[in-house]
Amino acid sequence: MNIPALDSTTLENILSEVPQACTLTQKDVTRFWYGNKGNFKENSHNIADTMRWRQSFRYDSILEEDFSDLIGAQKVFFHGNAKDGTPILIWRSCKHLVNVAERSREIRFYVWILVKAEQEGILTDKITIIYDRSHATKANTDLGLAKEAFPIFQRHFPERLKSIFVFPSSFLLTSLWQCIKPFIDPVTAQKIRIWKENEYRTKILEYVDSSNLLERFGGSGVETTAISIGTETVERFGPNSPQFTCKVDAITRPTPTRVT
């Protein structure tokens, strides 16, 4: 579909239609424009909806919140860039424990990651996500979180996702995907690639250079622990260090042990 570019006149009309959008950057408005395929009415409606969501979600104050416990769990962190230049966010399923009572805060944490990464210059446009299911069990499967989080990021962060790589697949994952897929925009669904155990190490190298890929995925990138979104090298670990062994009974931050 040939979407017309967002010119200055159209931008002014959007801001006139949705005055609250003046707090958005021009890049933000442009993403909404392309996400809504250049449809002025839908674009204005969806921007207005996002501005209402931001107010109820307390979006503007999210950087003031403390998520040090979730950062310390090391289940979500940035490492390197894909071949197309997009930063890679790694989500380790085996380190996630289902906690319905904390689900709202966890979603806030994922929004915080995007806002923080943007503030630190890590995220400037689109993002690539690696959803690592290695060693994950049924205890780590959180369908409820997926159903709540996916619509939020689809509606309020359009044109942010470049790709999601999910591996290794399993019968459980296939069943979960069939449950989640109806909640995902078809365009977004096309950006999700699910690979089997015997193929992901080859497939992922089509999108990520070995130097930007962690050792656990078949690359040469050094495993690290991160204490902030913008820090990757704090302590170095070997690829089989116990600090990176998944446990489903705790999500506390491991004590670093240097590899000698």
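The protein chain contains nine helices and seven strands, assigned as DSSP runs (helices H or I, at least four residues; strands E, at least two) and numbered from the N terminus. The structure is a predicted model, in which local features need pLDDT of at least 70 and side-chain atom pairs count only at pLDDT 80 or more, whereas totals for chains, interfaces and linings use all residues. Residues are numbered from 1 along each chain as its sequence is written, and side-chain values use heavy atoms, with hydrogens and water left out.

Of the 260 residues in the protein chain, 46% are buried (under 20% relative accessible area, with exposed over 50% and partly exposed in between; 1.4 Å probe, protein chains only). The accessible surface of the chain is about 13,600 Å², and carbon and sulfur atoms contribute 51% of this area (Shrake-Rupley method, 1.4 Å probe). Among contacts (heavy atoms within 4.5 Å) with a separation of 6 or more, 69% involve residues 24 or more positions apart.

Five strands form an open sheet in the order S1-S2-S3-S4-S5, with mixed pairing; two strands are taken to pair if DSSP finds at least two bridges between them. Strand S1 (76–81) and S5 stand at the edges with a single partner strand each, so one side of each lacks a neighbour in the sheet. From one strand to the next, the twist averages 20°. S1 is joined to strand S2 (residues 87–92) by four bridges in an antiparallel arrangement, and Val76 has Trp91 as its bridge partner in S2.

Strand S4 (residues 161–167) is mostly covered, with six of its seven residues buried. S4 pairs with strand S3 (residues 127–132) in the parallel sense over six bridges, and a right-handed β-α-β crossover leads from S3 through helix H6 (residues 143–156) to S4. Right-handed here denotes a clockwise path from the first strand over the helix to the second, with the strands pointing away from the viewer. Phe165 of S4 is the bridge partner of Ile130; the partner of Phe165 in S5 is Arg193. S4 and strand S5 (residues 192–194) run parallel and are joined by three bridges.

Not counting residues up to four places away in sequence, Phe109 touches Phe67, Leu70, Ile71 and Val76.

Conventions. Axes are lines fitted to C-alpha atoms, for helices over the stretch in contact, and angles run from 0 to 180 degrees between N-to-C directions.
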